[in-house]
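Hello,

Here is the structure I promised to pass on.

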Amino acid sequence: MPTDRIVIKKESAIYAEALLEAARQQDAIFALSGQLETVLHAVRGSIDLRATLADRTIPAQTRSGILREVFASLDPSLLAVLTVLVERDDIALLSRVNDAYVQRAEEALDAVIIDVVTVIELDDELREKIIAKYSAQLGRQVLLREQVDPSIVGGIVLSTHGRRIDASVVSQLENARTVLSTVSNGGER
Amino acid sequence: MKVFEAAKKKLALVPLAAGAALVAFPSLAFADEGAQPEAAQGGGGVELLVPNPLEFVPMLIGFILLWIILAKFAWPVITDMLDKRVTTIRDSLEKAESAKIESERLLEEHKTQLEDAKKQAAQIVADAKAAGEAVKADIVAAAQVEAQAAISKATAAIEAEKKAAIAQLQSSVADLSVSVAGRLIGQDLSDADHRRVIERYLAEAGSLNAN
């Protein structure tokens, strides 16, 4: 429903603004975006965590306690915003909050933030190659939010502004599996 | 019939012959009477051969009277009886003849009917055989069609099962291959290998520019 979407967008913007303001005060706009991406990745990757944080039968304080325990190493201002999200039963907005924050962070930093997922930590050489390639393509400064995820087996996954380049080994293997599963058997199909 | 006619004529001659015999030989009729006087008289000869008119005439008259009486009263009855008998026998013979003809006709008719019946029976048997052959052919044809349909159905089912089995096997092989390949790649690639892979994929990767 348009009304709902507008409300959701407004709510997400409020959380993102609050987070951006806190980050601006610490001069850690980009660093906070990386932490936000880490939280989003963790919540997306764990069904139990996602279900627990969204479970209204569990008291809000208990859920926020779990959140603080799991993400104890995060920036306190980010943790405070996340706590409000959980206590107000808005954890489902986390992805939209991330998008809104990234959008504002890019405006504030005058750069494009690209999420990069690899199996190993990027070294400076790789980082520079990625930045050089996409700075040239996009015509703007590029900042990389790096994630290490062994589940992609190898290769690299890049995404920004809703566009995604999946050059991971796992997707290649998945393509190979699809081809092997559907390949014709000597023309008898 | 001619035999009866002849017998009838012969019977009509019997009284006449008897009368003629008596006239011709009167001494025979009176032989016993003539013999006694001759023996008594001790004579014989010609007298024995010549009838005595005193005896002969009354006897002739008597004979004629008897003949007339017989001819008047007995003979018509006898001839009528014989006629009736002849008629009866003739009728019987005619009836027998007609019966014989009728029986022969019936025999012929029965023979004809028997032949017809035989022909009909043969025709019925032939028809029954033909009908049986037709039914047999129909049953065999229907059975063949049914068998062919069953074979086709079974072949299609087998083919479908085969395809499903091949697809399942293919999918299993693909899953297993990919799983093994993923594990091998994950285990065997060093950091340097991963970097090379990233560089190569990065070089091949498309644009992130939405415009």
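Before the details, a word on terms: two strands pair if DSSP finds at least two bridges between them. Helices (H or I, at least four residues) and strands (E, at least two) are DSSP runs, numbered from the N terminus. This is a predicted model, in which local features need pLDDT of at least 70 and side-chain atom pairs count only at pLDDT 80 or more, while totals for chains, interfaces and linings use all residues. Residues are numbered from 1 along each chain as its sequence is written, and chains are lettered from A and ligands numbered from 1 in the order in which they are written.

Now the sheet. Chain A has an open sheet of four strands in the order E2-E1-E3-E4, with mixed pairing. E2 (141–148) and E4 of chain A are at the edges with a single partner strand each, so one side of each has no neighbour in the sheet.

Strands E3 (residues 155–160) and E4 (residues 163–168) of chain A are antiparallel, with six bridges; in one of them, Ser159(A) partners Arg164(A) of E4(A). E3(A) and E4(A) make a hairpin with two residues between them, and His161(A) in the turn has a positive phi of about 50 degrees. E3(A) is also joined to E1 (residues 111–118) of chain A, antiparallel, by four bridges, and Val116(A) stands opposite Leu158(A) in E3(A).

Best wishes
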